[in-house]
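Please review the structure below before reading this briefing. The points that follow are grouped by topic for reference.

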Amino acid sequence: MPDAAATVPAPADAEAALSFLTEMSPDLRGGAILAGDGTVLAASGEAAGWAVEAVNLLRVADAAGDEPVEQVHVATQAGEVFALRAHGFAAVTVTERFALSSLTFFDMRSALRELARDAG
């Protein structure tokens, strides 16, 4: 998974980033914050499951083109998945159906920017 972070944030900072996303999005079902290498730094639920699925999602999306993807949005009848790489980290969230994608990505980008600032 490209875009590795130069430093590893404190666990509390990663948890704060995930908490921020949860607070900002009432539609959020769950999520994870990952280091640039795919290591789960914070997750709702089982971290190992998030690590496998999030890394696989980004790997499949990367395979579709010549450059690593920055963001992924998958919508289904049951809900939506958002993935974003920014500032050396990745965030993956699952939301209820019809979450506002622009707002979800804005919040994810803000959380990762703050995490990078705290880790730096």
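The briefing covers the overall architecture, an aromatic pair, a residue in a strand and a surface patch.

The structure is a predicted model. Its protein chain comprises three helices and five strands, and 42% of its 120 residues count as buried.

**Overall architecture**

- Read from the N terminus, the elements of the protein chain follow the order α-β-β-α-β-β-β-α.
- The C-alpha trace of the protein chain extends over about 40 × 35 × 25 Å along its principal axes.
- When contacts in the protein chain between residues at least 6 apart in sequence are considered, 54% join residues at least 24 apart.
- The accessible area of the protein chain is about 6200 Å², and carbon and sulfur atoms supply 57% of that area.

**Aromatic pair**

- One aromatic pair is present in the structure.
- This aromatic pair is formed by F82 and F105 in an edge-to-face arrangement, with 5.3 Å centre to centre and 85° between the planes.
- The pair links distant parts of the chain, as F82 belongs to strand β4 (residues 80-86) and F105 to helix α3, 23 residues apart.
- The angle of 85° between the planes of F82 and F105 qualifies as edge-to-face because the cut-off for that class is over 60 degrees.
- Both F82 and F105 are buried.

**T95 in strand β5**

- T95 lies in strand β5, which covers residues 89-95.
- The relative accessible area of T95 is 0%, so T95 counts as buried.
- Beyond its neighbours within four places in sequence, T95 contacts D27, L28, R29, G79, E80 and F82.
- F82, one of these contacts of T95, is also a member of the aromatic pair with F105.

**Nonpolar surface patch**

- L100, L103 and F106 make up a nonpolar patch on the surface, and together they have about 330 Å² of accessible area.
- L103, a member of this patch, is located in helix α3, which spans residues 101-119.
- The relative accessibility of L103 is 43%, and L103 is therefore classed as partly exposed; this class lies between the buried limit of under 20% and the exposed limit of over 50%.

Methods
Residues numbered from 1 in each chain as written. Predicted model: local features only at pLDDT ≥ 70, side-chain atom pairs only at ≥ 80, totals over all residues. Heavy atoms only, no water. Patch = residues over 30% accessible without salt bridge, like charges linked within 9 Å, V, L, I, M, F, W, Y side chains within 5 Å. Areas by Shrake-Rupley, 256 points an atom, 1.4 Å probe, with all protein chains shown as cover. Salt bridge = Lys/Arg side-chain N within 4 Å of Asp/Glu carboxyl O. Helix = DSSP H or I, 4+ residues; strand = E, 2+ residues; numbered from the N terminus. Buried < 20%, exposed > 50% of the residue type's maximum accessible area, 1.4 Å probe, protein only. Contact = heavy atoms within 4.5 Å. Phe/Tyr/Trp six-rings, centres within 6.5 Å; stacked < 30°, edge-to-face > 60°.
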